[in-house]
Amino acid sequence: MDTFIQIVISGLVLGSMYSVSAIGLTLLWGALNVLNMAHGAFLVAGGYAAYYFGGYLGLPAYVAIPGALATGVVLGLLVYAGVARPLRKNANFETTVIIATVGVALVIENLVQKGFGAYPLKQPLSLQGGFNIAQTFVPWNSVLVCVVSIVLLVLLDFVVRKTRYGRMIRAVAQNYEAARLMGIRTGAVYRFVFAISGLMAAISGIMLSTATTLSPTMGYDPMLKAFIVCVIAGLGEVRGALIAAFALGVLEATVQFQLGVRFALPLLLLLVVVTLIFRPQGLLRKNEASRL
Amino acid sequence: MTMPIDPDLMRDPDQNKRRDLTIAAAAIVVCVVLPFVFPNRYLIGQGVTLFLWVAVVSQWNLVFGVGGIFSLAQLAIFAVGGYSAAMLALYLNVSLWFGMFLGGLVATGFSLIVGLACLRLSGAYVALLTLALATALQVLIITDTTCFMRQGVTCMTFTGGSRGLSRFGDFGFTAMLGRANAPLGNYFLAFAVALAAMLFAYLVIYSPIGLAFRAIRDNKLYSIGRGISSVRFQLLIFGASAFFTGMAGAVFAGHYRAIGANILDTSLLLFLLSMMVIGGLGRFWGPLAGTTALLLFDEAMKELGEWRLAGLGAILLLSVIFMPNGIVGLFRSRPAAR
């Protein structure tokens, strides 16, 4: 029973970490066909910005966190203006944008490493303490992470499904040309989606660094997990990504406890390979047409 | 492919035999003469690296540039070739010379499986699948701790684990050429592999097969409509591009007398990807130009080691935006057909 509770709790925490970074990634893919390889670097930038404002400058959390979120948004907008917009007319947009964002990732990670050093740092903005459920220690920080991610995802799902902006995003995702002809300012939609994606990355970077430590390469693993979540849910699925993130979090925790840490990542990757071969549209999508 | 094809239609406008022969002759002369003019160990070692990456990138270019399949599995194929040769030498005492060809064959088999897995996918999905495979391979090797055999008091794992495989010998150039000239042996072996790989790439790119690859890349539905089997050609391209890649892996293992899971690092993958993109995707001379340019860049960045990644990223980004046809594309008068 103890192990079971432990598995569920660490699965939920893992799941909420994955879901927020996966959402940023899947939204960009679903709406704009952009597979952002700099997503991991965005996480790193968000985490370090929180450290810089909160730890280095010593600002209070209610200034430091918005500062870090703003950093994420600005990065998203910069990648739109500097990479996605110039490349959009390119015939091989889908693949060139992957290569270009790899370049962005290398630059950001190198800058962070130069600015803050390669050694792991402790994120000052984290909740201390916790409580016990049946002899299992649950840190308050994990509870916060879990709550924040669920609230965010429900909110984002609402925005995409029910609001004017959401309708515009879905229109652009379904048919770029037609949306443009209907008077939708596609440039604004692109900017909006990039900004949200950057914001989500920053949030997940901060959450991740409160749970572990900051390091210039900390973004790679969560990005890989976000890819896994997106593929399994179906790239471009917002609601599906939420479910898949938590399911995979619990699965990963179970495998780690039962089979050993060694097999967790290979098993998830195997799941990706099998999904892509037999159901490339993802496990949770009903048909090919319903992106977002 | 049963219908006779009008030879004029098959001729690639990029192909210029006289130009290609001139460049090739010049490059071969330079590569052969250089180690005798500058008999410098460091330079010769860098030459081996150059040749091995040219071999790998030229084959990757067949899949990625000519075939338009966004596969990131090329270093995994390279690793499979290298590891196979190393394991055959270590466990079964197979000579590396023979193991080199066996490594190429094993790599071809592996690549065919990857190609099969990618059959129904396109674009970013292929990238994700192949990246997942390469990462899983690396994780499984690094975390391998099961005892396979004992070497004195230490325990050897089957794949070498995080320490990698070593003590499987080399190509035996020290015995053949003497200690002083042994590096030259590796140099010319790597040169031969690169040359064979380039020649093979040339034959593929300018053959009807290459034409079919490009047709599928440029318009899949139309080329299927014209009777090109995309399944057959995709498997063909995955298989064909793997043999010399695997051989290069075996030469790598023999040159360094060791092979480890670090050759599956994403940073190396990105370095080779940059070579291919910056040289010019789908162009015959692209891999040579890109590999040379990036190794020179790396040499120049030695002074500024800590900025190496940012420099690499910036070059990659700028070249995708401003130089979509790569270095080779700069030397063309006609706009690109892609």
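Into which domains is chain B divided? Chain B has domain 1 (39–263) and domain 2 (265–338), with bounds that come from an automatic or database domain assignment.

A word on the model, everyone. It is predicted, so local features need pLDDT of at least 70 and side-chain atom pairs count only at pLDDT 80 or more, while totals for chains, interfaces and linings use all residues. Residues are numbered from 1 along each chain as its sequence is written, and chains are lettered from A and ligands numbered from 1 in the order in which they are written.

Back to those domains. The C-alpha centres of domain 1 and domain 2 of chain B lie 20 Å apart. Their contact (C-beta atoms, placed from the backbone, within 7 Å) takes 20 residues from domain 1 of chain B and 16 residues from domain 2 of chain B. On the domain 1 side, H3(B) gives the most, with 13 residues.

Now the two chains together. Here 34 residues of chain A are in contact with 33 residues of chain B. On the chain A side, H4(A) brings the largest share, 16 residues; helices here are DSSP runs of H or I, at least four residues, numbered from the N terminus.

Finally, have a look at helix H2 of chain B, residues 17–37. Its 21 residues should span 30 Å at 1.5 Å a residue, and the end C-alpha atoms are 30 Å apart, which agrees; the expected span is 1.5 Å times one less than the number of residues.

Terms used. Contact = placed C-beta atoms within 7 Å. Helix = DSSP H or I, 4+ residues; strand = E, 2+ residues; numbered from the N terminus.
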